[in-house]
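Student: I'd like to learn how to read a model like this one, feature by feature. Can we put it on the screen and go through it together?

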Amino acid sequence: MFNRSKNLGTRQMPKPATSEISDNVLIQRICESDTEAFEALYKRYYPKLFQFIFRVTRHLDQIEEIINDVMYVVWRRASSFQPETKASTWIFGIAYKKSLKSLSERQPGEHLELDDAADLIPGVEDSGLQNLELEDWISVAFSKLSTDQRAVLELTYHQGLHYHEIAKIMDCPENTVKTRMFSARKKIKALFPEFLPESNTGYRGNTL
Amino acid sequence: MNTQSSSAYLDHDEIWLLIPWYANGSLSGSEHDRVKAHVQVCLMCRREFSYQLMLAKQLEHTPRMEISSKPSFERLMSRINEEDSPQTEPMIKPRTKRREQRQGNPQGLARLKGLLIYFTPPKHLAAAFATALLAIAIVLQFGGIPTYGIKDYHTVANPHELDRFSTQDLRVVFADQVTDQEISALIGSIQGRKLDGPNRVGAITIRIPDSMTADQALSQLRDSKLVIFAEPALPQSGKPNGGGG
(Lines give C-alpha, C1' and ligand atoms only; values in the text may rest on other atoms or scores of the structure.)
Protein backbone atom coordinates (compact mmCIF):
# COMPACT_ATOMS: atom_id res chain seq x y z
CA MET A 1 0.00 0.00 0.00
CA PHE A 2 1.32 3.42 -0.90
CA ASN A 3 1.27 6.33 1.53
CA ARG A 4 -0.53 9.41 0.38
CA SER A 5 1.22 12.65 1.09
CA LYS A 6 1.00 16.20 -0.16
CA ASN A 7 4.55 16.43 -1.40
CA LEU A 8 4.23 18.86 -4.27
CA GLY A 9 7.09 20.10 -6.39
CA THR A 10 9.91 19.19 -4.04
CA ARG A 11 11.61 16.49 -6.10
CA GLN A 12 15.31 17.00 -6.70
CA MET A 13 15.93 14.31 -9.34
CA PRO A 14 15.09 15.05 -12.99
CA LYS A 15 11.87 13.28 -13.91
CA PRO A 16 11.80 10.84 -16.86
CA ALA A 17 9.13 11.34 -19.52
CA THR A 18 5.80 10.17 -18.16
CA SER A 19 5.30 7.85 -21.14
CA GLU A 20 8.28 5.79 -19.96
CA ILE A 21 7.12 5.48 -16.38
CA SER A 22 5.42 2.31 -15.19
CA ASP A 23 1.82 2.33 -14.01
CA ASN A 24 2.89 1.52 -10.45
CA VAL A 25 5.27 4.47 -10.29
CA LEU A 26 2.60 6.77 -11.67
CA ILE A 27 0.17 5.58 -8.99
CA GLN A 28 2.81 6.16 -6.34
CA ARG A 29 3.17 9.71 -7.62
CA ILE A 30 -0.60 10.13 -7.62
CA CYS A 31 -0.46 9.37 -3.91
CA GLU A 32 1.64 12.54 -3.67
CA SER A 33 -1.16 14.41 -5.48
CA ASP A 34 0.96 14.68 -8.62
CA THR A 35 -1.54 15.76 -11.30
CA GLU A 36 1.02 15.31 -14.09
CA ALA A 37 1.33 11.63 -13.21
CA PHE A 38 -2.44 11.39 -12.97
CA GLU A 39 -2.87 12.90 -16.43
CA ALA A 40 -0.29 10.47 -17.85
CA LEU A 41 -2.11 7.48 -16.35
CA TYR A 42 -5.44 8.90 -17.53
CA LYS A 43 -4.17 9.25 -21.10
CA ARG A 44 -2.69 5.76 -21.02
CA TYR A 45 -5.90 4.10 -19.86
CA TYR A 46 -8.47 6.26 -21.65
CA PRO A 47 -8.54 4.25 -24.91
CA LYS A 48 -8.36 0.91 -23.10
CA LEU A 49 -11.19 1.83 -20.75
CA PHE A 50 -13.20 3.32 -23.59
CA GLN A 51 -13.04 0.05 -25.50
CA PHE A 52 -13.71 -2.11 -22.45
CA ILE A 53 -16.63 -0.04 -21.15
CA PHE A 54 -18.20 0.15 -24.59
CA ARG A 55 -17.96 -3.61 -25.00
CA VAL A 56 -19.45 -4.25 -21.56
CA THR A 57 -22.19 -1.59 -21.43
CA ARG A 58 -22.81 -1.05 -25.16
CA HIS A 59 -23.92 2.49 -24.32
CA LEU A 60 -21.97 5.24 -26.04
CA ASP A 61 -23.40 8.12 -24.07
CA GLN A 62 -22.21 6.96 -20.65
CA ILE A 63 -18.65 5.95 -21.48
CA GLU A 64 -16.90 9.17 -20.57
CA GLU A 65 -18.84 9.47 -17.34
CA ILE A 66 -17.86 5.94 -16.34
CA ILE A 67 -14.21 6.51 -17.28
CA ASN A 68 -14.18 9.59 -15.09
CA ASP A 69 -15.85 7.73 -12.23
CA VAL A 70 -13.13 5.08 -12.53
CA MET A 71 -10.27 7.55 -12.64
CA TYR A 72 -11.84 9.53 -9.80
CA VAL A 73 -11.53 6.42 -7.63
CA VAL A 74 -7.93 5.99 -8.81
CA TRP A 75 -7.14 9.55 -7.73
CA ARG A 76 -8.93 9.34 -4.39
CA ARG A 77 -7.87 5.83 -3.45
CA ALA A 78 -4.39 5.57 -4.97
CA SER A 79 -3.00 5.01 -1.49
CA SER A 80 -5.05 1.82 -1.14
CA PHE A 81 -3.49 0.29 -4.25
CA GLN A 82 -1.51 -2.86 -3.47
CA PRO A 83 1.78 -2.60 -5.42
CA GLU A 84 2.01 -6.39 -5.72
CA THR A 85 -1.18 -6.29 -7.84
CA LYS A 86 -1.01 -5.24 -11.47
CA ALA A 87 -2.28 -1.71 -11.89
CA SER A 88 -4.33 -2.76 -14.91
CA THR A 89 -6.10 -5.42 -12.82
CA TRP A 90 -7.00 -2.81 -10.21
CA ILE A 91 -8.18 -0.25 -12.75
CA PHE A 92 -10.16 -2.69 -14.88
CA GLY A 93 -11.70 -4.08 -11.69
CA ILE A 94 -13.00 -0.63 -10.84
CA ALA A 95 -14.16 -0.14 -14.43
CA TYR A 96 -16.06 -3.42 -14.40
CA LYS A 97 -17.88 -2.52 -11.17
CA LYS A 98 -18.69 0.97 -12.42
CA SER A 99 -19.99 -0.43 -15.70
CA LEU A 100 -22.28 -2.85 -13.89
CA LYS A 101 -23.49 -0.04 -11.63
CA SER A 102 -24.21 2.16 -14.61
CA LEU A 103 -26.18 -0.63 -16.29
CA SER A 104 -28.20 -1.27 -13.14
CA GLU A 105 -29.08 2.43 -12.76
CA ARG A 106 -30.16 2.78 -16.33
CA GLN A 107 -33.87 3.14 -17.02
CA PRO A 108 -35.37 0.83 -19.63
CA GLY A 109 -35.23 2.48 -23.05
CA GLU A 110 -32.67 5.02 -21.84
CA HIS A 111 -30.19 4.49 -24.61
CA LEU A 112 -28.47 6.74 -27.12
CA GLU A 113 -28.09 4.64 -30.22
CA LEU A 114 -26.00 5.73 -33.15
CA ASP A 115 -29.17 6.33 -35.15
CA ASP A 116 -30.42 8.79 -32.53
CA ALA A 117 -27.07 10.53 -32.50
CA ALA A 118 -27.28 10.85 -36.28
CA ASP A 119 -30.66 12.59 -35.95
CA LEU A 120 -29.28 15.03 -33.42
CA ILE A 121 -25.94 15.75 -34.98
CA PRO A 122 -25.65 15.91 -38.76
CA GLY A 123 -22.71 14.01 -40.17
CA VAL A 124 -22.15 11.76 -37.19
CA GLU A 125 -22.56 8.77 -39.47
CA ASP A 126 -19.28 9.74 -41.14
CA SER A 127 -17.39 9.64 -37.86
CA GLY A 128 -15.58 6.76 -36.21
CA LEU A 129 -18.72 5.85 -34.26
CA GLN A 130 -19.91 3.72 -37.10
CA ASN A 131 -16.68 1.80 -37.26
CA LEU A 132 -17.08 0.99 -33.62
CA GLU A 133 -20.74 0.13 -33.60
CA LEU A 134 -21.84 -0.94 -37.05
CA GLU A 135 -18.89 -2.07 -39.15
CA ASP A 136 -17.55 -4.05 -36.28
CA TRP A 137 -19.34 -7.34 -36.94
CA ILE A 138 -18.45 -8.62 -33.53
CA SER A 139 -20.91 -6.13 -32.06
CA VAL A 140 -23.67 -8.33 -33.37
CA ALA A 141 -22.27 -11.27 -31.48
CA PHE A 142 -21.71 -9.18 -28.37
CA SER A 143 -25.34 -8.10 -28.34
CA LYS A 144 -26.33 -11.73 -27.84
CA LEU A 145 -24.02 -12.25 -24.89
CA SER A 146 -24.53 -11.43 -21.23
CA THR A 147 -22.60 -8.58 -19.62
CA ASP A 148 -20.32 -11.05 -17.85
CA GLN A 149 -19.63 -12.99 -21.01
CA ARG A 150 -18.84 -9.78 -22.92
CA ALA A 151 -16.43 -8.71 -20.20
CA VAL A 152 -14.60 -12.06 -20.25
CA LEU A 153 -14.28 -12.02 -24.05
CA GLU A 154 -13.06 -8.44 -24.11
CA LEU A 155 -10.53 -8.94 -21.32
CA THR A 156 -9.26 -12.14 -22.92
CA TYR A 157 -9.02 -11.15 -26.52
CA HIS A 158 -8.67 -7.43 -26.60
CA GLN A 159 -6.72 -6.90 -23.41
CA GLY A 160 -4.91 -10.25 -23.64
CA LEU A 161 -5.29 -11.15 -19.98
CA HIS A 162 -4.93 -14.55 -18.29
CA TYR A 163 -8.09 -16.01 -16.74
CA HIS A 164 -6.50 -15.68 -13.30
CA GLU A 165 -6.32 -11.89 -13.74
CA ILE A 166 -9.83 -11.75 -15.19
CA ALA A 167 -11.13 -13.58 -12.11
CA LYS A 168 -9.57 -10.89 -9.93
CA ILE A 169 -11.06 -8.10 -12.04
CA MET A 170 -14.51 -9.66 -11.98
CA ASP A 171 -14.14 -10.75 -8.38
CA CYS A 172 -15.20 -14.34 -9.05
CA PRO A 173 -13.61 -17.82 -9.04
CA GLU A 174 -11.39 -18.77 -11.96
CA ASN A 175 -13.74 -21.58 -12.92
CA THR A 176 -16.55 -19.07 -13.31
CA VAL A 177 -14.43 -17.17 -15.81
CA LYS A 178 -13.80 -20.36 -17.78
CA THR A 179 -17.50 -21.23 -17.72
CA ARG A 180 -18.53 -17.77 -18.90
CA MET A 181 -16.04 -18.01 -21.72
CA PHE A 182 -17.27 -21.49 -22.59
CA SER A 183 -20.88 -20.25 -22.87
CA ALA A 184 -19.82 -17.21 -24.89
CA ARG A 185 -17.87 -19.42 -27.31
CA LYS A 186 -20.89 -21.63 -27.82
CA LYS A 187 -23.15 -18.68 -28.58
CA ILE A 188 -20.71 -17.10 -31.00
CA LYS A 189 -20.16 -20.36 -32.79
CA ALA A 190 -23.91 -20.79 -33.19
CA LEU A 191 -24.14 -17.28 -34.64
CA PHE A 192 -21.12 -17.45 -36.92
CA PRO A 193 -20.51 -21.07 -37.88
CA GLU A 194 -18.85 -19.90 -41.09
CA PHE A 195 -15.79 -18.95 -39.10
CA LEU A 196 -15.30 -22.56 -38.17
CA PRO A 197 -12.25 -23.73 -40.07
CA GLU A 198 -12.88 -26.45 -42.60
CA SER A 199 -9.63 -28.07 -41.72
CA ASN A 200 -6.79 -27.53 -39.37
CA THR A 201 -4.97 -25.32 -41.84
CA GLY A 202 -5.24 -22.34 -39.50
CA TYR A 203 -3.15 -24.10 -36.95
CA ARG A 204 0.58 -23.78 -36.95
CA GLY A 205 2.09 -26.08 -34.39
CA ASN A 206 4.90 -23.71 -33.57
CA THR A 207 2.78 -20.59 -33.24
CA LEU A 208 2.85 -20.61 -29.48
CA MET B 1 0.35 -44.65 -29.09
CA ASN B 2 2.96 -43.51 -26.62
CA THR B 3 2.28 -42.71 -22.97
CA GLN B 4 2.69 -38.99 -23.45
CA SER B 5 0.04 -38.69 -26.15
CA SER B 6 -2.45 -40.92 -24.32
CA SER B 7 -2.18 -38.76 -21.18
CA ALA B 8 -2.60 -35.70 -23.38
CA TYR B 9 -5.99 -37.06 -24.51
CA LEU B 10 -7.16 -37.50 -20.93
CA ASP B 11 -7.08 -33.76 -20.32
CA HIS B 12 -9.47 -32.94 -23.15
CA ASP B 13 -12.31 -31.26 -21.20
CA GLU B 14 -9.95 -29.18 -19.13
CA ILE B 15 -7.85 -28.20 -22.13
CA TRP B 16 -10.96 -27.25 -24.08
CA LEU B 17 -11.74 -24.61 -21.46
CA LEU B 18 -8.21 -23.20 -21.62
CA ILE B 19 -7.96 -22.81 -25.39
CA PRO B 20 -8.94 -19.09 -25.46
CA TRP B 21 -6.05 -18.25 -23.16
CA TYR B 22 -3.70 -20.43 -25.19
CA ALA B 23 -4.86 -18.46 -28.23
CA ASN B 24 -4.27 -15.08 -26.54
CA GLY B 25 -0.79 -16.14 -25.48
CA SER B 26 -1.29 -15.59 -21.77
CA LEU B 27 -0.62 -19.16 -20.63
CA SER B 28 2.84 -20.01 -19.44
CA GLY B 29 4.87 -22.79 -17.88
CA SER B 30 3.37 -26.26 -17.45
CA GLU B 31 -0.15 -25.04 -18.26
CA HIS B 32 1.03 -23.82 -21.65
CA ASP B 33 2.96 -27.02 -22.30
CA ARG B 34 -0.02 -29.23 -21.43
CA VAL B 35 -2.33 -27.37 -23.81
CA LYS B 36 0.29 -27.40 -26.55
CA ALA B 37 0.84 -31.15 -26.18
CA HIS B 38 -2.90 -31.82 -26.28
CA VAL B 39 -3.61 -29.58 -29.27
CA GLN B 40 -0.97 -31.47 -31.22
CA VAL B 41 -2.82 -34.77 -30.81
CA CYS B 42 -6.49 -33.74 -30.58
CA LEU B 43 -8.22 -32.77 -33.83
CA MET B 44 -11.23 -31.16 -32.10
CA CYS B 45 -9.07 -28.94 -29.93
CA ARG B 46 -6.88 -28.05 -32.89
CA ARG B 47 -9.92 -26.87 -34.84
CA GLU B 48 -11.22 -25.01 -31.82
CA PHE B 49 -7.83 -23.35 -31.41
CA SER B 50 -7.97 -22.18 -35.04
CA TYR B 51 -11.46 -20.83 -34.48
CA GLN B 52 -10.39 -19.00 -31.33
CA LEU B 53 -7.38 -17.54 -33.13
CA MET B 54 -9.71 -16.10 -35.76
CA LEU B 55 -12.04 -14.75 -33.11
CA ALA B 56 -9.10 -13.20 -31.29
CA LYS B 57 -7.97 -11.55 -34.50
CA GLN B 58 -11.40 -10.01 -35.01
CA LEU B 59 -11.61 -8.83 -31.41
CA GLU B 60 -8.13 -7.39 -31.41
CA HIS B 61 -9.15 -5.08 -34.22
CA THR B 62 -10.03 -1.68 -32.88
CA PRO B 63 -11.18 1.08 -35.19
CA ARG B 64 -8.34 3.56 -35.46
CA MET B 65 -9.46 6.90 -34.14
CA GLU B 66 -7.60 9.94 -33.00
CA ILE B 67 -8.19 10.05 -29.30
CA SER B 68 -8.49 13.23 -27.36
CA SER B 69 -8.77 12.51 -23.68
CA LYS B 70 -7.94 16.06 -22.68
CA PRO B 71 -11.47 17.51 -22.46
CA SER B 72 -12.57 14.56 -20.33
CA PHE B 73 -9.54 14.86 -18.11
CA GLU B 74 -10.19 18.55 -17.61
CA ARG B 75 -13.77 17.84 -16.59
CA LEU B 76 -12.57 15.28 -14.08
CA MET B 77 -10.00 17.68 -12.63
CA SER B 78 -12.67 20.38 -12.33
CA ARG B 79 -14.80 17.95 -10.35
CA ILE B 80 -11.88 17.03 -8.10
CA ASN B 81 -10.80 20.64 -7.61
CA GLU B 82 -14.37 21.69 -6.92
CA GLU B 83 -14.71 19.06 -4.22
CA ASP B 84 -11.34 19.91 -2.70
CA SER B 85 -12.07 23.61 -2.63
CA PRO B 86 -13.22 24.71 0.86
CA GLN B 87 -15.67 27.28 -0.60
CA THR B 88 -17.71 24.74 -2.54
CA GLU B 89 -21.38 24.27 -1.88
CA PRO B 90 -22.39 20.97 -0.25
CA MET B 91 -21.54 18.17 -2.67
CA ILE B 92 -24.40 16.59 -4.57
CA LYS B 93 -24.15 12.83 -4.49
CA PRO B 94 -22.72 11.65 -7.82
CA ARG B 95 -25.68 9.35 -8.37
CA THR B 96 -28.20 12.18 -7.91
CA LYS B 97 -26.13 14.44 -10.10
CA ARG B 98 -26.00 11.81 -12.81
CA ARG B 99 -29.78 11.47 -12.81
CA GLU B 100 -30.11 15.23 -13.11
CA GLN B 101 -27.70 15.26 -16.01
CA ARG B 102 -29.71 12.59 -17.81
CA GLN B 103 -32.70 14.91 -17.76
CA GLY B 104 -30.91 16.96 -20.33
CA ASN B 105 -28.64 19.60 -18.96
CA PRO B 106 -25.92 21.41 -20.87
CA GLN B 107 -23.12 19.65 -18.98
CA GLY B 108 -24.35 16.39 -20.45
CA LEU B 109 -24.26 18.00 -23.87
CA ALA B 110 -20.74 19.21 -23.29
CA ARG B 111 -19.88 15.62 -22.54
CA LEU B 112 -21.52 14.43 -25.75
CA LYS B 113 -19.56 17.07 -27.63
CA GLY B 114 -16.41 15.76 -25.98
CA LEU B 115 -17.30 12.29 -27.14
CA LEU B 116 -17.74 13.49 -30.69
CA ILE B 117 -14.42 15.32 -30.58
CA TYR B 118 -12.96 12.00 -29.48
CA PHE B 119 -14.13 10.49 -32.74
CA THR B 120 -12.76 13.41 -34.78
CA PRO B 121 -15.39 13.76 -37.46
CA PRO B 122 -14.54 15.44 -40.75
CA LYS B 123 -13.59 19.05 -40.13
CA HIS B 124 -16.21 20.52 -42.43
CA LEU B 125 -18.83 19.04 -40.10
CA ALA B 126 -17.46 20.75 -37.01
CA ALA B 127 -19.57 23.86 -37.55
CA ALA B 128 -22.69 21.75 -38.06
CA PHE B 129 -21.93 19.88 -34.84
CA ALA B 130 -21.43 23.08 -32.93
CA THR B 131 -24.63 24.60 -34.32
CA ALA B 132 -26.65 21.52 -33.49
CA LEU B 133 -25.30 21.43 -29.97
CA LEU B 134 -25.93 25.13 -29.49
CA ALA B 135 -29.51 24.71 -30.71
CA ILE B 136 -30.09 21.85 -28.29
CA ALA B 137 -28.58 23.87 -25.45
CA ILE B 138 -30.93 26.77 -26.23
CA VAL B 139 -33.95 24.47 -26.32
CA LEU B 140 -32.95 22.96 -23.02
CA GLN B 141 -32.31 26.28 -21.39
CA PHE B 142 -35.51 27.99 -22.47
CA GLY B 143 -37.81 25.06 -23.01
CA GLY B 144 -38.83 24.50 -19.41
CA ILE B 145 -36.52 21.52 -18.89
CA PRO B 146 -34.50 21.68 -15.65
CA THR B 147 -31.07 23.20 -16.27
CA TYR B 148 -29.02 22.00 -13.35
CA GLY B 149 -25.39 22.99 -13.32
CA ILE B 150 -25.78 25.65 -16.02
CA LYS B 151 -22.94 27.61 -14.47
CA ASP B 152 -20.57 24.83 -15.58
CA TYR B 153 -21.46 25.08 -19.26
CA HIS B 154 -18.61 26.59 -21.24
CA THR B 155 -19.05 28.45 -24.48
CA VAL B 156 -16.15 29.16 -26.78
CA ALA B 157 -16.76 32.91 -26.61
CA ASN B 158 -17.38 35.05 -23.57
CA PRO B 159 -20.46 37.21 -24.30
CA HIS B 160 -19.10 40.03 -22.14
CA GLU B 161 -16.09 40.41 -24.42
CA LEU B 162 -17.88 40.49 -27.77
CA ASP B 163 -17.61 44.27 -28.18
CA ARG B 164 -13.82 43.84 -28.34
CA PHE B 165 -14.02 41.89 -31.58
CA SER B 166 -14.62 42.69 -35.21
CA THR B 167 -15.91 40.75 -38.21
CA GLN B 168 -12.30 39.96 -39.08
CA ASP B 169 -11.82 38.02 -35.87
CA LEU B 170 -12.18 34.24 -35.68
CA ARG B 171 -12.37 31.80 -32.80
CA VAL B 172 -10.36 28.65 -33.35
CA VAL B 173 -9.86 25.52 -31.26
CA PHE B 174 -6.90 23.38 -32.27
CA ALA B 175 -6.47 19.64 -31.74
CA ASP B 176 -4.62 18.58 -28.59
CA GLN B 177 -1.49 17.36 -30.29
CA VAL B 178 -0.86 20.53 -32.29
CA THR B 179 2.39 22.30 -31.50
CA ASP B 180 2.86 26.07 -31.17
CA GLN B 181 4.88 26.05 -34.39
CA GLU B 182 2.05 24.38 -36.29
CA ILE B 183 -0.42 26.88 -34.89
CA SER B 184 1.84 29.78 -35.93
CA ALA B 185 2.24 28.31 -39.41
CA LEU B 186 -1.52 27.88 -39.79
CA ILE B 187 -2.23 31.42 -38.62
CA GLY B 188 0.47 32.63 -41.03
CA SER B 189 -1.18 30.77 -43.90
CA ILE B 190 -4.25 33.00 -43.58
CA GLN B 191 -2.03 36.04 -42.93
CA GLY B 192 -3.62 36.36 -39.53
CA ARG B 193 -2.28 37.24 -36.13
CA LYS B 194 -3.12 35.88 -32.75
CA LEU B 195 -5.23 38.38 -30.86
CA ASP B 196 -6.18 36.55 -27.74
CA GLY B 197 -6.24 33.22 -25.97
CA PRO B 198 -6.24 30.41 -25.42
CA ASN B 199 -9.19 30.97 -23.12
CA ARG B 200 -10.33 28.45 -20.51
CA VAL B 201 -11.83 26.18 -23.16
CA GLY B 202 -8.73 26.42 -25.35
CA ALA B 203 -10.11 28.82 -27.99
CA ILE B 204 -7.71 31.24 -29.66
CA THR B 205 -8.88 34.48 -31.28
CA ILE B 206 -7.24 35.25 -34.62
CA ARG B 207 -7.53 38.52 -36.56
CA ILE B 208 -7.33 38.23 -40.33
CA PRO B 209 -6.44 41.07 -42.70
CA ASP B 210 -9.07 43.01 -44.67
CA SER B 211 -7.74 41.45 -47.87
CA MET B 212 -9.30 38.16 -46.86
CA THR B 213 -12.92 37.43 -45.99
CA ALA B 214 -13.86 35.55 -42.87
CA ASP B 215 -15.51 32.85 -44.98
CA GLN B 216 -12.31 32.26 -46.95
CA ALA B 217 -10.22 32.04 -43.81
CA LEU B 218 -12.73 29.78 -42.05
CA SER B 219 -12.92 27.48 -45.03
CA GLN B 220 -9.13 27.21 -45.08
CA LEU B 221 -8.95 26.58 -41.35
CA ARG B 222 -11.70 23.97 -41.38
CA ASP B 223 -9.88 22.08 -44.11
CA SER B 224 -6.94 21.61 -41.79
CA LYS B 225 -6.73 18.46 -39.72
CA LEU B 226 -5.22 20.52 -36.93
CA VAL B 227 -8.42 22.49 -36.36
CA ILE B 228 -11.32 21.16 -34.31
CA PHE B 229 -13.49 24.24 -34.40
CA ALA B 230 -13.41 27.53 -36.34
CA GLU B 231 -16.14 30.18 -36.20
CA PRO B 232 -16.41 33.97 -36.42
CA ALA B 233 -15.71 35.60 -33.05
CA LEU B 234 -18.87 37.64 -33.45
CA PRO B 235 -22.29 36.08 -33.94
CA GLN B 236 -23.37 36.00 -37.58
CA SER B 237 -26.40 38.19 -36.92
CA GLY B 238 -26.08 41.65 -35.40
CA LYS B 239 -22.53 42.26 -36.59
CA PRO B 240 -21.42 45.81 -35.81
CA ASN B 241 -20.95 47.92 -38.90
CA GLY B 242 -17.56 49.29 -39.77
CA GLY B 243 -15.72 46.99 -37.40
CA GLY B 244 -13.52 45.49 -40.09
CA GLY B 245 -10.41 46.29 -38.07
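Student: How much of chain B counts as buried?

Tutor: Buried means under 20% relative accessible area, exposed means over 50%, and partly exposed is in between, with a 1.4 Å probe and protein chains only. By that rule, 42% of the 245 residues of chain B are buried. Keep in mind that this is a predicted model, where local features need pLDDT of at least 70, side-chain atom pairs count only at pLDDT 80 or more, and totals for chains, interfaces and linings use all residues. Residues are numbered from 1 along each chain as its sequence is written, chains are lettered from A and ligands numbered from 1 in the order in which they are written, and side-chain values use heavy atoms, leaving out hydrogens and water.

Student: And what is the accessible surface of chain B?

Tutor: Such areas come from the Shrake-Rupley method with a 1.4 Å probe, and for residues only the protein chains shown count as cover. Chain B comes to about 13100 Å², with 53% of that belonging to carbon and sulfur atoms.

Student: How many helices and strands are there in chain B?

Tutor: Helices (H or I, at least four residues) and strands (E, at least two) are DSSP runs, numbered from the N terminus. Chain B has 10 helices and 4 strands. Along the sequence the pattern reads α-α-α-α-α-α-α-α-β-α-β-β-α-β.

Student: In what order do the strands of the sheet lie?

Tutor: Strands of a sheet pair through backbone hydrogen bonds, either parallel or antiparallel. Here two strands count as paired if DSSP finds at least two bridges between them. In chain B you get an open sheet of 4 strands, ordered E2-E3-E1-E4, with antiparallel pairing. Strand E2 (193–196) and E4 of chain B are the edge strands, each pairing on one side only. On average, neighbouring strands of this sheet are turned by 35° against each other, direction ignored.

Student: Which strands does E1(B) pair with?

Tutor: E1(B) pairs with strand E3 (residues 203–207) of chain B over 5 bridges, in the antiparallel sense. With strand E4 (residues 227–232) of chain B, E1(B) also makes 5 bridges, again antiparallel.

Student: Which way do the residues of E1(B) point?

Tutor: In a regular strand the side chains alternate between the two faces of the sheet. In E1(B), B:Asp169, B:Arg171 and B:Val173 point one way, while B:Leu170, B:Val172 and B:Phe174 point the other way, and all are buried.

Student: Is B:Arg171 buried or exposed?

Tutor: B:Arg171 counts as buried because its relative accessibility is 3%. This arginine sits in strand E1 (residues 169–174) of chain B, and its bridge partner in E4(B) is B:Glu231. A polar contact is a pair of N or O atoms within 3.5 Å; within protein, one must be able to donate a hydrogen and the other to accept it, and residues adjacent in sequence count only if both atoms are side-chain atoms. The side chain of B:Arg171 makes one with the side chain of B:Thr205, at 3.1 Å.

Student: What does A:Lys178 touch?

Tutor: Contact means heavy atoms within 4.5 Å. Leaving out residues up to four places away in sequence, A:Lys178 touches A:Tyr163, B:Leu17, B:Leu18 and B:Trp21. A:Lys178 lies in helix H10 (residues 174–191) of chain A and counts as buried because its relative accessibility is 11%. The C-alpha atoms of A:Lys178 and A:Tyr163 are separated by 7.3 Å, with the two 15 residues apart along the chain.

Student: Where is the largest nonpolar core, residue by residue?

Tutor: A nonpolar core is a set of buried Ala, Val, Leu, Ile, Met, Phe, Trp, Tyr and Cys residues joined through side-chain atoms within 4.5 Å. The largest has 78 residues, and those with the most contacts inside it are A:Phe38, A:Leu49, A:Met71 and A:Leu153. H2(A) gives the largest share of this core, 13 residues. Apart from it lies another core, of 19 residues, including B:Ile183 and B:Met212.

How values were computed: Axes fitted to C-alpha atoms, helices over the stretch in contact; angles between N-to-C directions.
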